[in-house]
Amino acid sequence: MSENLSASQKKIKNEIVLRAIGSGAGIALLIAGVVYFIFAIEPMFARIGLSLIVFTVSFFIATKVTIYFLSGDYQCEACNATYSIELIDTEEIFLSAIPRSAIKNGGRVTSGDREGKHIVIHENWTEEKYDVTRKYHCVVCGDTYQEQGVETRKTSFSSTKTYQ
Ligand SMILES: [Zn+2]
């Protein structure tokens with residue numbers, strides 16, 4: 001596939017590739033870790049070698065697949081140009097802030113003065129809702145479109161422990 005990309009398209013492509021490398025490495029690390037623990041083969045260097053091969057292969061596959069899927073999001077529907085969609089504006093309208101709390105079971109204390117006691121975790125946070133509108137445009141044909149939706153965010157999170 002030959003591509004004739006403008007400077008702005010190359011910039012968008014580079015960002016996609018960087019993001020894909022990041023998630024590719026994460027996925028590959030996870031798979032290689034699982035292989036390392038499952039295949040407890042001897043000698044040790046063979047076990048490490050196998051994990052390294054698995055890491056390399058899954059890294060390339062995961063990165064390629066991620067680039068493929070991300071690229072679809074950055075292709076202009078109007079002119080079909082690849083790597084051409086750029087976020088130009090974000091508008092947020094505050095809707096509401098609701099205080100929330102939760103109580104979680106933290107298990108039992110295993111040592112020290114409070115050994116055997118139940119740990120109770122009290123969590124508090126604010127649930128903020130925003131009406132978010134994001135405007136995009138195509139760097140090739142200039143077509144603009146926007147996406148709008150309600151986003152929920154957890155803020156002012158705090159957690160304390162008590163013992164029973
Ligand atoms: Zn376009």
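Thr126 stands opposite Thr155 in strand E3. This is a predicted model: local features need pLDDT of at least 70, side-chain atom pairs count only at pLDDT 80 or more, and totals for chains, interfaces and linings use all residues. Residues are numbered from 1 along each chain as its sequence is written.

**Overall layout**

The protein has two helices and three strands. Both kinds of element are DSSP runs, numbered from the N terminus: helices are H or I with at least four residues, strands are E with at least two. From the N terminus on, the order is α-α-β-β-β.

How many Å is the radius of gyration of the protein? The value is 24 Å, whereas a compact globule of 164 residues would have one near 15 Å. The radius is taken over C-alpha atoms, and the globule rule is 2.2 Å times the number of residues to the power 0.38. Along its principal axes, the C-alpha trace spans about 70 × 60 × 20 Å.

Of the 164 residues, 9% count as buried. A residue is buried if 20 or more other C-beta atoms lie within 10 Å of its own, exposed if 12 or fewer, and partly exposed in between, with C-beta atoms placed from the backbone. Two residues are in contact if their C-beta atoms, placed from the backbone, lie within 7 Å. Among contacts between residues at least 6 apart in sequence, 66% join residues at least 24 apart.

**The helix pair**

Helix H1 covers residues 7–38 and helix H2 covers residues 44–73. They pack at an angle of about 145°, with their axes 7 Å apart. Axes are lines fitted to C-alpha atoms, for helices over the stretch in contact; angles run from 0 to 180 degrees between N-to-C directions.

The crossing of H1 and H2 is right-handed. A crossing is left-handed if the near helix is turned anticlockwise from the far one by less than a right angle, and right-handed if clockwise. The residues of this contact divide into 19 nonpolar, seven polar and two charged. Here Ala, Val, Leu, Ile, Met, Phe, Trp, Tyr, Cys and Pro count as nonpolar, Asp, Glu, Lys and Arg as charged, and the others, Gly among them, as polar.

Pro43 is found in the loop between H1 and H2. A cis peptide bond joins Glu42 and Pro43, with omega about -10°.

**The loop between H2 and E1**

Most residues other than glycine have a negative phi, and most peptide bonds are trans. Asn80 lies in the loop between H2 and E1. Asn80 is not a glycine, yet its phi is positive, about 70°. Tyr83 lies in the loop between H2 and E1. Its phi is near 50°, again positive in a residue other than glycine.

Which of these residues is buried or exposed? Asn80 is exposed, with 11 other C-beta atoms within 10 Å. Tyr83 is buried, with 25 other C-beta atoms within 10 Å.

**The sheet**

Strands of a sheet pair through backbone hydrogen bonds, either parallel or antiparallel. In this protein, three strands form an open sheet in the order E1-E2-E3, with antiparallel pairing. E1 (85–108) and E3 (144–163) stand at the edges, each with a single partner strand, so one side of each is left without a neighbour in the sheet. Neighbouring strands are turned by 10° against each other on average, direction ignored.

Two strands pair if DSSP finds at least two bridges between them. E1 and E2 run antiparallel and are joined by 20 bridges. E2 (residues 118–138) and E3 pair in the antiparallel sense over 18 bridges. Some facing residues are listed here.

| Residue | Opposite residue and its strand |
|---|---|
| Ile93 | Asp131 in E2 |

E1 is hardly covered: one of its 24 residues is buried.

**The strand connections**

Ser111 lies in the loop between E1 and E2. Ser111 counts as exposed, with 7 C-beta neighbours inside 10 Å. Ser111 and Thr155 are 44 residues apart along the chain, and their C-alpha atoms are separated by 33 Å.

E2 and E3 form a hairpin with five residues between them. In the turn, Gly142 has a positive phi of about 85°.
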